[in-house]
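I opened the model and kept notes on what I looked up.

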Amino acid sequence: MSIFHRPVAFCICLLLAGCVQHIPIHPQRAAEFVPWVDEPPVHPLEAGDNLALRYMLNPELNNNSLPIGPDGRISLPLLGPVMAAGQTVEEFDARIRLRYASILRDPQVDVLVNSYGSARVYVGGEVKTQSV
């Protein structure tokens with residue numbers, strides 16, 4: 001019987017080996033990721049952000065806490081309300097330097113971001129539990 005069992009076992013092994021499915025592995029690139037860039041991310045100023053202004057030649061005008069209001073404006077010394085929302089820090093810095101040029105002899109102003117306002121997230125569709 002052992003002579004009969006070996007060829008049958010060999011045939012069963014061949015049949016089972018033929019049933020194995022070979023799936024080629026192809027790595028796929030994730031479509032959701034943003035490509036890498038060397039430039040720093042651009043974040044426009046918006047309502048709720050808190051700025052600090054440093055005047056190099058006029059330190060009496062320094063202010064460590066200037067919040068951007070809900071209308072997107074910020075109240076600056078000697079200038080009053082100025083629109084800040086929608087601009088980058090660099091754009092806002094250049095804009096107020098131009099505005100201060102008519103008042104100060106050599107306006108050297110640095111704009112610093114103390115904190116960014118809260119981000120708003122909207123969820124559409126059905127959700128399991130409502131919450132904030």
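Where is Thr 88 found? I located Thr 88 in the loop between S4 and H2; helices (H or I, at least four residues) and strands (E, at least two) are DSSP runs, numbered from the N terminus.

Notes on the source. I am working with a predicted model, in which local features need pLDDT of at least 70, side-chain atom pairs count only at pLDDT 80 or more, and totals for chains, interfaces and linings use all residues. Residues are numbered from 1 along each chain as its sequence is written, and side-chain values use heavy atoms, with hydrogens and water left out.

Entry on Thr 88. I looked up its burial: Thr 88 is buried, because its relative accessible area is 13% (buried means under 20% relative accessible area, exposed over 50%, partly exposed in between, with a 1.4 Å probe and protein chains only). I then listed what Thr 88 touches, leaving out residues up to four places away in sequence: Val 42, His 43, Pro 44 and Leu 45. A contact here means heavy atoms within 4.5 Å.

Entry on the whole chain. I counted two helices and five strands in the protein chain. Read from the N terminus, the order is α-β-β-β-β-α-β. The chain has 132 residues, and 23% of them are buried. Of the contacts with a separation of 6 or more, 41% are between residues 24 or more positions apart.

Entry on helix H2. I checked the length of H2 (residues 89–100): its twelve residues should span 16 Å at 1.5 Å a residue, and the end C-alpha atoms are 16 Å apart, so the two agree. The expected span is 1.5 Å times one less than the number of residues.

Which residues of H2 are buried? I found Val 89, Phe 92, Asp 93, Ile 96 and Tyr 100. They lie on the same side of H2, because they cover an arc of only 100° around the axis; the arc is that of the directions from the helix axis to the C-beta atoms. An α-helix has 3.6 residues a turn, so residues three or four places apart point the same way. The buried residues of H2 pack against strands S1 (50–55), S3 (73–76), S4 (80–83) and S5 (109–115). On the face turned away from the buried side I noted the exposed residues Glu 90 and Leu 98.

Entry on salt bridges. I used the rule of a side-chain nitrogen of Lys or Arg within 4 Å of a carboxyl oxygen of Asp or Glu, and the count by this rule is three.

Arg 97 and Asp 93 form one of them, at 3.2 Å, N to O. Both residues lie in H2, four residues apart, about one turn of the helix. Asp 93 counts as buried because its relative accessibility is 15%, whereas Arg 97, at 30%, counts as partly exposed.

Asp 110 and Arg 97 form another, at 3.6 Å, N to O. This pair links distant parts of the chain, with Asp 110 in strand S5 and Arg 97 in helix H2, 13 residues apart. Shared partners join Asp 93, Arg 97 and Asp 110 into one network of salt bridges. I also noted that Asp 110 counts as partly exposed, at 27% relative accessibility.

Arg 73 and Asp 71 meet in a salt bridge at 3.9 Å, N to O. Arg 73 is partly exposed, with 38% relative accessibility.

Entry on Leu 78. I found Leu 78 in the loop between S3 and S4. Its phi is near 70°, a positive value in a residue other than glycine. Most residues other than glycine have a negative phi. Leu 78 counts as exposed because its relative accessibility is 52%.

Entry on helix H1. I placed Val 8 in helix H1 (residues 2–18) and noted Val 8 as partly exposed, at 35% relative accessibility.
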